[in-house]
Amino acid sequence: MPRTRIHRTPATPWWRTAVSYQVYIRSFADGNGDGIGDIAGLRARLPYLKELGVDAIWVTPWYPSPMKDGGYDVADYRAIDPSFGTLAEAEEMIAEAHAHGIRVLLDIVPNHTSDQHTWFAEALASPPGSPERDRYLFRDGRGPDGSLPPNDWRSRFGGRAWTRTTDPDGTPGQWYLHLFAPEQPDLNWASREVRAEFESILRFWFDRGVDGFRVDVAHGLAKDPALPDLGIPEELLFEHERHREGHPHWDHDDVHEIYQSWRKIADSYAGDRVFVAEAHVREDRLANYLRSDELHTAFNFPFLTAPWEPEALRSVIDRNLASHGEVGAPATWVLANHDVTRQVTRFGRKKTLLGEHGYDIESAGPCDLDLGTRRARAAALLMLALPGNAYLYQGEELGLWEVEDIPEALLRDPTWERTGGTVRGRDGCRVPMPWSGAEAPFGFGPRGSKPWLPQPREWHGRTAQTQSGTPGSMLELYRSALRLRRGQRGFAAESLRWLEAPPGVLSFERAAVLRCAVNLSSEPYPLAKDWGVLLSSDRIENGKLPPDSTVWLWGGGARAV
Ligand code: NOJ
Ligand code: CA
């Protein structure tokens, strides 16, 4: 095993300021040419990630899975899906990443298993009230013959959140809960056995050297034991979730003791292991997950969904820094992931606010890709100048856009089927990466291989190879930003100070020598002359920052930026 070259500074754990990179493994790099990204492909691209300058990778689920929801339907938490590789390869990848100075986070999916998990098979084969059924949420139906679902909860992918089972003798049986697809039965976190199992799974991977976990649906595990009706009409569901108070299955208070026990496990390992929560909760409740004996970090989704507007961005930044500051947690910035429309596309539209679904592209109107690209560059420099840690989603460093014309027959997101073909879902941000060459598969796999989703022909202009070493490319912008961020002490400060600026311009100071200005107005913004340009997302002409661009400044003059 190669020796690890990761250096630790005991005072500040790495994850407080890290830049992590999300690897959606199915679409990252295909080592064996079957059209599906895999561990071999990821290993071959570790030098690229090192050169990019990231501190860690987060690998989306790579466990055995029927892939009904891109691997978020896990059949065995201690193994690797054969389409991605083997456990031995996974261990080698972890060691190699460490040798490159890159930490590795995995994705843990504790809210639900796959319906192909042995536990679920055992539950179906066992009678109502059995310990095997108690690992999930099985209930009798309502109505005289039990033909109505136990309550009115809805699946996040559309349709109801309950499916009726068939008993071994062929008669209709109990119902089980699935807040996502029917192939993703929800676990019963009131069960001691469930808790013990996940603690053991965490140890299994910590023992293999992983540095932490992204916690899927961290806000969903605990349910109100009475499973009461929501009593909300369908069209108000998302609105209700946003303002939820005492919701029976999102952000239930019982969830916190689970994370207290997980934190103890992480802390019992050497090095700084970390959790990052995917918790869609009301903003004023997110810090509850980040108390010092719970999870370390949580994605800032209000930042990700914010429109490209100065007041909205400034306000979301302030709110996040204030609430996290109260519990001593660092902010975790993110602009993209595998569930939402890519930023180049959403910032190129008239309406830049991301809808409740994160991917309701049909209603979003036309997109100006040049404008979206400019703004995505500016947004990246804004995000990377903020105090705290940040996550990149594979392909954002290449300026990839949302692929909105995938043929319907190829769509894989369960959302498409569950909404009766009305919402296309999230496949458009999951199209395999273009690495090199003039035509598909653009180096994603060997020549002649067919990626699992088709890549746009126009991506030949956005391959890593085309952009590498090309001044002004998106890739070189990200590389420069990460290099500067690592090297400049000013970026280590955990706070920022807003500076005076005209309407539409956000300007802040990270340290006496480091400033950032974002121009969201329609006028060029004159920069103070006694500050030097460290990096800018667009060309600075005559000392002016163009609209839709960001600059990092270096200096120490008395005048405001
Ligand atoms: C959040 C994941 O990011 C998403 O892709 C998945 O569909 C759901 N959780 C369910 O696991
Ligand atoms: Ca493959």
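A: **One loop and its backbone**

Phe442 is found in the loop between helix 12 and helix 13. Helices here are DSSP runs of H or I with at least four residues, strands are runs of E with at least two, and both are numbered from the N terminus. The model is predicted, so local features need pLDDT of at least 70 and side-chain atom pairs count only at pLDDT 80 or more, while totals for chains, interfaces and linings use all residues; side-chain values use heavy atoms, with hydrogens and water left out. Residues are numbered from 1 along each chain as its sequence is written, and chains are lettered from A and ligands numbered from 1 in the order in which they are written.

The loop runs between helix 12 (414–418) and helix 13 (464–467), and Pro441 lies in it. The peptide bond from Ala440 to Pro441 is cis, with omega near 10°. Phe442 has a positive phi of about 50°, although Phe442 is not a glycine. Phe442 counts as buried because its relative accessibility is 1%. Buried means under 20% relative accessible area, exposed means over 50%, and partly exposed lies in between (1.4 Å probe, protein chains only).

For reference, take Leu227, in the loop between strand 7 (212–215) and helix 6 (237–242). Leu227 is not a glycine, yet its phi is positive, at about 45°. With 9% relative accessibility, Leu227 therefore counts as buried.
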